[in-house]
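Let's take a friendly walk through a protein model. Have the sequence and the 3D view ready as you read.

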Amino acid sequence: MAGLMILFMGFQSTSLAATSCSFSDYKNQGDQWMSSGHSRLAVEAYSKALEIQPDSESALFNLAIACYHSGHLRQSLQALQKIVQLNP
């Protein structure tokens with residue numbers, strides 16, 4: 001648990017701790033979390049990216065993958081369904 005707290009503190013000390021983060025900042029951070037095996041943190045980052053650009057198919061797809069790896073299957077399916085709605 002202490003390791004996770006240190007990891008989370010590291011997340012807070014990145015550029016995302018700034019008040020004006022862009023879509024790309026959040027999406028890139030999500031990509032970094034996924035590549036290091038931290039899908040829960042990736043879900044948070046992709047969700048923030050989607051608050052800025054809710055119709056981003058790439059962020060929705062990455063969110064679906066991160067949710068799947070986190071065990072949030074319903075959220076994963078919802079993200080995939082939104083992609084299909086955006087691009088039938």
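## The overall picture

Two residues are in contact when heavy atoms of theirs lie within 4.5 Å. Keep that in mind for this predicted model: among contacts between residues at least 6 apart in sequence, 43% join residues at least 24 apart.

What does the secondary structure come to? The protein has 5 helices and 0 strands, and reading along the sequence gives the pattern α-α-α-α-α. There are 88 residues, and 33% of them count as buried. The protein exposes about 5,600 Å², with carbon and sulfur atoms supplying 57% of that area.

## How helix 2 meets helix 4

Two packed helices are described by the angle between their axes and the distance between the axes. For helix 2 and helix 4, the axes come within 11 Å and cross at roughly 35°. The crossing of helix 2 past helix 4 is left-handed. On the helix 2 side, the contact is made by Phe-23, Lys-27, Asp-31 and Met-34. On the helix 4 side, Ser-58, Ala-59, Asn-62, Ile-65, Ala-66 and His-69 take part.

Is Trp-33 buried or exposed? Trp-33 has a relative accessible area of 6%, and because anything under 20% counts as buried, Trp-33 is buried. Now look for Ala-66: Trp-33 and Ala-66 are 33 residues apart in sequence, yet 9.4 Å apart in space from C-alpha to C-alpha.

## Two salt bridges

Side chains of opposite charge can pair when their charged atoms come close. How many salt bridges does the structure hold? There are 2 salt bridges.

One of them joins the side chains of Asp-31 and Lys-27, with 3.4 Å from N to O. Both residues lie in helix 2 (residues 23–35), and they sit 4 residues apart, about one turn of the helix. Asp-31 is partly exposed, at 29% relative accessible area, whereas Lys-27 is buried, at 15%. Asp-31 and Lys-27 are also among the residues through which helix 2 contacts helix 4.

Lys-82 forms a salt bridge too, and its partner is Asp-55; their closest N and O atoms are 3.7 Å apart. This pair links distant parts of the chain, 27 residues apart. Lys-82 is in helix 5 (residues 73–86), while Asp-55 is in the loop between helix 3 (39–52) and helix 4 (57–70). With a relative accessibility of 28%, Lys-82 counts as partly exposed.

Which residues make a nonpolar surface patch? Phe-61, Ile-65 and Leu-80 do, and the patch covers about 240 Å². Phe-61 belongs to helix 4. Its relative accessible area is 42%, and Phe-61 is therefore partly exposed.

Finish with Glu-44, which is in helix 3. Glu-44 is partly exposed, with a relative accessible area of 35%. How far apart in sequence and in space are Glu-44 and Gly-30? Glu-44 and Gly-30 are 14 residues apart in sequence, and their C-alpha atoms are 7.6 Å apart in space.

Conventions
Residues are numbered from 1 along each chain as its sequence is written. This is a predicted model: local features need pLDDT of at least 70, side-chain atom pairs count only at pLDDT 80 or more; totals for chains, interfaces and linings use all residues. Side-chain values use heavy atoms; hydrogens and water are left out. A salt bridge is a side-chain nitrogen of Lys or Arg within 4 Å of a carboxyl oxygen of Asp or Glu. Helices (H or I, at least four residues) and strands (E, at least two) are DSSP runs, numbered from the N terminus. Buried means under 20% relative accessible area, exposed over 50%, partly exposed in between (1.4 Å probe, protein chains only). Patches are made of residues with over 30% relative accessible area and no salt bridge: like charges are joined within 9 Å, nonpolar side chains (Val, Leu, Ile, Met, Phe, Trp, Tyr) within 5 Å. Accessible areas come from the Shrake-Rupley method with a 1.4 Å probe; for residues, only the protein chains shown count as cover. Axes are lines fitted to C-alpha atoms, for helices over the stretch in contact, and angles run from 0 to 180 degrees between N-to-C directions. A crossing is left-handed if the near helix is turned anticlockwise from the far one by less than a right angle, and right-handed if clockwise.
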